[in-house]
Amino acid sequence: MAITYLKRGKAETERAADDAKTRAIVEDTLAQITAEGDAAVRRLSQQFDSYTPDSFRLSADDIDALIAQLDPQELADIEFAQAQVVAFARAQRASMTDIEIETMPGVILGHKNIPVQSVGCYVPGGKFPMVASAHMSVATAAVAGVPRIIACTPPFRGKPNPAVIAAMHLGGAHEIYVLGGIQAVGAMALGTQSIDPVHMLVGPGNAFVAEAKRQLFGRVGIDLFAGPTETMVIADDTVDAELCATDLLGQAEHGYNSPAVLLTNSRKLAEATLAQIDRLLKILPTADTAGVSWEDYGEVILCDTHDEMLAIADEIASEHVQVMTDRDDWYLENMTCYGALFLGPRTNVANGDKVIGTNHTLPTRKAGRYTGGLWIGKFLKTHSYQKITTDAAAAQVGAYGSRLCMLEGFVGHAEQCNLRVRRYGGVNVPYGAAAPVVQD
């Protein structure tokens, strides 16, 4: 076994120092919102976005006017992408059924899938207007039947972005706010004088938004703990270096700290990809961002075998994993830790991000080891229920329950069971005693 790093990114210790600074800033900012409500939100919006309108919430007329700024093709493209996301979300919803079974005569158990009652969707847009993120959060929540969906997005170059607002509105948002960053996430979760709090927060964002969601988790639900965008390309010599380099840099442009990893068993491909990255960074308009990410967080890992590549891929558990090999379906069958897979050279992460229909809000920082990404199921709570319909079942289950409660020392619990044994089974169980075993 030989695993060689032709290029390494920053060590985890360096990333941890950055995280500590972010945590302190977010904690202080959320405390301001808690104490001051709208006043803090307005001050923070001015500080970070230079944006303080009369109202952060857009009216119906505001929304219509913004949508009218889009040309017909732009609007059609947004509607097409949203239709793909909605179609897949509906298919996923159809797979989640309520159930009810009779486990023994007179004992009925079941569960119901109930929508979260209010959701706050954050749609990034300060640097790039993330139109697609509105489909992923707002439209998916609407398919789930969430009765109150509010959506926040920062101003883009000083004003609302028409495409993002259109996607939010068409997706089904009930309230739309032009508000970004910690102040948006904090306002939705904590509530202010003008914004009622929500039960759950969803959507991607920068390091400060992600940290705010982490700190608010528990007070509200969240979709997942998110970090910077990550991408991995698993490739062998069936593909070329230009394809690999393009796909790595295409995700590195998300931010200055977006890890991009090439995992290959071909030294020739690895070295050629490094050369292609150097070439593309000279012509890529977003090279100022992508180049920093690649310099600090890019990695090229050379392995001997596909088994080695599989093991490393599962260890890294990247958000996006693009597989371009002579055995793509083998990776689909065997990989266990990732955000989403993109199989074959015809497939790419950008399509998944924007249009193909799967959700692009995905686990990062190894969270793919224990969770998947945002999907229709995140907006649904599966609640169980139980019902005993006959005296015989009440007595039988109660007797078992009584003895098991006493085994653990819970006398009050046992009495809940004993009362039913006495009333419905006609057995005189002494108070605080375990129910006797009754032979059938």
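**Close-up 1. Contacts of Gln251.** Leaving aside neighbours within four places in sequence, Gln251 touches Thr229, Thr231, Ser258, His320, Val349, Ala350 and Asp353; contact means heavy atoms within 4.5 Å. The model is predicted, so local features need pLDDT of at least 70, side-chain atom pairs count only at pLDDT 80 or more, and totals for chains, interfaces and linings use all residues. Residues are numbered from 1 along each chain as its sequence is written, and side-chain values use heavy atoms, with hydrogens and water left out. Gln251 sits in helix H9 (residues 241–252). Helices (H or I, at least four residues) and strands (E, at least two) are DSSP runs, numbered from the N terminus. Gln251 is buried, at a relative accessible area of 5%. Buried means under 20% relative accessible area, exposed over 50%, partly exposed in between (1.4 Å probe, protein chains only).

**Close-up 2. The annotated binding-site positions.** An unreviewed UniProt entry places the feature "binding site" at Gln251, His254, Asp353 and His413. These positions spread over 163 residues of sequence and, in space, up to 55.6 Å between C-alpha atoms. UniProt positions follow the numbering used here, feature names are shortened, and annotations may be inferred rather than shown by experiment. His413 lies in helix H16 (residues 411–425). His413 is partly exposed, at 41% relative accessibility.

Close-up 3. Strand E2 (residues 99–104) pairs with strand E3 (residues 107–115) in the antiparallel sense, over 5 bridges. Pairing requires at least two DSSP bridges between two strands. Met104 has Val107 in E3 as its bridge partner. The hairpin has 2 residues between the strands, and Gly106 takes a positive phi near 90 degrees.
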